[in-house]
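Here is a short tour of one model for you to follow alongside the coordinates. Please keep your viewer open as you read.

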Amino acid sequence: MVNDVFKTMEDKMKTTVKAFHVDLATIRTGHATPALVEHVKVDYAGVPTSLIQLAGISAPEAGLLVIQPWDKTCIHSIEKAILKSELGLNPSNDGNVIRLAIPPLSEERRQELIKVLNRRIEERRVSLRNQRHDALNTLKDMEKNKDISQDEHKRAQSQVQKITDAFISEIEKLGKDKERELLEV
């Protein structure tokens, strides 16, 4: 029973780390990558929709993204969504496609992106701690219901903490790697 609690918690924590990994791809580092904009929410017919669902996104060269909407009428909505995002990019369109020039990062913009990165790292830490809290509550209930002994409960608590610490350190390592990437000139 205790192992089920560990397994459930680990699965949730793995999902959090995977989501963070995907989230890191949306923080630009001066290189054009479709992951940078594919999750930007566009108001399409009154419904917030991911850009990846509305257009083809390609990176024909290192400093350029090309967004080709399948429905040409939403080109202005896409531009507006990109401008509102925290990417700091200025779209230009020719009526058929949107081009995003990815300028080299200024030192000021790098510092802003590091702040965004640190905020996202903290959000993931909080998420992991909440998952730890849920697991500890489940263990407490199991002890209350006499499903596990007090000693088992204590051992399980320390194991939950070890698992949580491992996932938090993984999040922090990913964050440090991204920060190093942002600081590269």
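This is a predicted model: local features need pLDDT of at least 70, side-chain atom pairs count only at pLDDT 80 or more; totals for chains, interfaces and linings use all residues.

Residues are numbered from 1 along each chain as its sequence is written, and side-chain values use heavy atoms, with hydrogens and water left out. Helices (H or I, at least four residues) and strands (E, at least two) are DSSP runs, numbered from the N terminus.

**Helix α1**

- Helix α1 covers residues 2-24, and its 23 residues should span 33 Å at 1.5 Å a residue, which agrees with end C-alpha atoms 33 Å apart. The expected span here is 1.5 Å times one less than the number of residues.
- Buried residues (under 20% relative accessible area, with exposed meaning over 50% and partly exposed in between; 1.4 Å probe, protein chains only) of α1 include Val-2, Phe-6, Met-13, Phe-20 and Asp-23.
- Among the elements that cover the buried residues of α1 are α3 and α4, where contact means heavy atoms within 4.5 Å.

**Two nonpolar cores**

- A nonpolar core is a set of buried Ala, Val, Leu, Ile, Met, Phe, Trp, Tyr and Cys residues joined through side-chain atoms within 4.5 Å.
- The largest such core has 28 residues, of which Val-2, Ile-27, Leu-139 and Leu-182 touch the most other members.
- Helices α1, α3 and α4 are the elements that give two or more residues to this core, and α3 provides the largest share, nine residues.
- Setting aside neighbours within four places in sequence, Leu-139 is in contact with Val-2, Val-5, Ile-148, His-153, Ala-156, Gln-157 and Val-160.
- Another core, of 21 residues, lies apart from the largest one, and its members include Ala-55, Leu-65, Leu-89 and Ile-102.

- Thr-164 is part of helix α4, which covers residues 150-183, and its 0% relative accessibility is why Thr-164 counts as buried.
- A polar atom of the Thr-164 side chain lies 2.8 Å from the backbone oxygen of Val-160. A polar contact is a pair of N or O atoms within 3.5 Å; within protein, one must be able to donate a hydrogen and the other to accept it, and residues adjacent in sequence count only if both atoms are side-chain atoms.
- Leaving aside neighbours within four places in sequence, Thr-164 also touches Met-9, Met-13, Leu-128 and Arg-132.

- Helix α2 (residues 75-84) has Ile-75, Ile-78, Glu-79, Ala-81 and Ile-82 buried.
- Viewed down the axis of α2, these buried residues fall within an arc of 165°, so they line one face of the helix; the arc is that of the directions from the helix axis to the C-beta atoms.
- The face turned away from that buried side carries the exposed residues His-76, Lys-80, Leu-83 and Lys-84.
- Strands β1 (41-44), β4 (64-69), β5 (91-93) and β6 (98-101) are among the elements covering the buried residues of α2.

**Hairpin and loops**

- Strands β1 and β2 run antiparallel and are joined by four bridges, where pairing requires that DSSP finds at least two bridges between two strands.
- Val-42 stands opposite Thr-49 in β2.
- The hairpin of β1 and β2 has two residues between the strands, and there Ala-45 takes a positive phi near 55°. Ala-45 counts as exposed at 73% relative accessibility.
- Lys-146, in the loop between α3 (107-144) and α4, has a phi near 65°, a positive value in a residue other than glycine. Lys-146 counts as exposed at 73% relative accessibility.
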